[in-house]
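Visitor: Hi, I have a few quick questions about a protein model. Can we go through them together?
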Amino acid sequence: MGLIARLIGTPEATRALAGAASSVAEVFTPNATRALETAHEVRMAALAQHGTEFQSAGAGLFDRLVNGLNRLPRPMLALGTLGLFVHAMVDPAGFTTRMQGLAAVPEPLWWLLGAIVSFYFGAREAHHFRVRSVATAGRLTQAPRRPGAGAAPTASPDPGPNPALAEWQGQSGP
């Protein structure tokens, strides 16, 4: 037998010494696996809280009315433009008079109108982008789907049950 085996003793004593050394080492250096698990738990709790903050009980009458009013400008702009063409054909003299009136509008006022319309449609697009990203945030907690994930592997034999994978699938849902 070697010198270390004579100093330490039986295999049980060796295991006890190794356990004591690892617990002393964790005092100075944190356990990386436990740190990853804790960070994952914190992220999942934050994501769950974020999802519950944006759940809505449903739109009331006022919300539906405002949503309906918010949907009017685009159709009104499109139909108004077509109406200008119809007006030009029906009453050319009146159309010319009104267009001369528009030509008299100062340029800074046109810039202001452009800014208002741009901000309106930009805000609408930002709203829809936020709604879409909140709706897809719930999918982050589900297991990622790969193409052909349901197909049986053809190149390698089945290695048997994987307890870590089974536990992970049980936590992430079906």
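Guide: We will take charged pairs, then rings, then a surface patch. Keep in mind that this is a predicted model.

Visitor: How many salt bridges are there in the whole structure?
Guide: A search finds 3 salt bridges.

Visitor: Why would side chains pair up like that?
Guide: Side chains of opposite charge can pair when their charged atoms come close.

Visitor: Which residues are linked in a network?
Guide: Salt bridges link R34, E37 and E41. R34 meets E37 at 3.2 Å, N to O. R34 also bridges to E41, with the closest N and O atoms 3.8 Å apart.

Visitor: Where do E37 and R34 lie?
Guide: Both are in helix α3, residues 32–53. They sit 3 residues apart, about one turn of the helix.

Visitor: What is the relative accessibility of E41?
Guide: It is 46%, so E41 counts as partly exposed.

Visitor: And what does R132 pair with?
Guide: R132 forms a salt bridge with E125, at 3.4 Å from N to O. E125 is partly exposed, with a relative accessible area of 48%.

Visitor: New topic. How many aromatic pairs are there?
Guide: The structure has 1 aromatic pair. Y120 and F121 form it, edge-to-face. Their centres are 5.0 Å apart, with 75° between the planes.

Visitor: Which residues make the nonpolar patch on the surface?
Guide: L79, L82, F85, V86, M89 and V90. Together they have about 700 Å² of accessible area.

Visitor: Is L82 buried or exposed?
Guide: L82 is exposed, because its relative accessibility is 52% and the cut-off is over 50%. L82 lies in helix α5, residues 73–90.

Terms used:
Residues are numbered from 1 along each chain as its sequence is written. This is a predicted model: local features need pLDDT of at least 70, side-chain atom pairs count only at pLDDT 80 or more; totals for chains, interfaces and linings use all residues. Side-chain values use heavy atoms; hydrogens and water are left out. Rings of Phe, Tyr and Trp (its six-membered ring) pair if their centres lie within 6.5 Å; planes under 30 degrees apart count as stacked, over 60 as edge-to-face and the rest as tilted. Patches are made of residues with over 30% relative accessible area and no salt bridge: like charges are joined within 9 Å, nonpolar side chains (Val, Leu, Ile, Met, Phe, Trp, Tyr) within 5 Å. Accessible areas come from the Shrake-Rupley method with a 1.4 Å probe; for residues, only the protein chains shown count as cover. A salt bridge is a side-chain nitrogen of Lys or Arg within 4 Å of a carboxyl oxygen of Asp or Glu. Helices (H or I, at least four residues) and strands (E, at least two) are DSSP runs, numbered from the N terminus. Buried means under 20% relative accessible area, exposed over 50%, partly exposed in between (1.4 Å probe, protein chains only).
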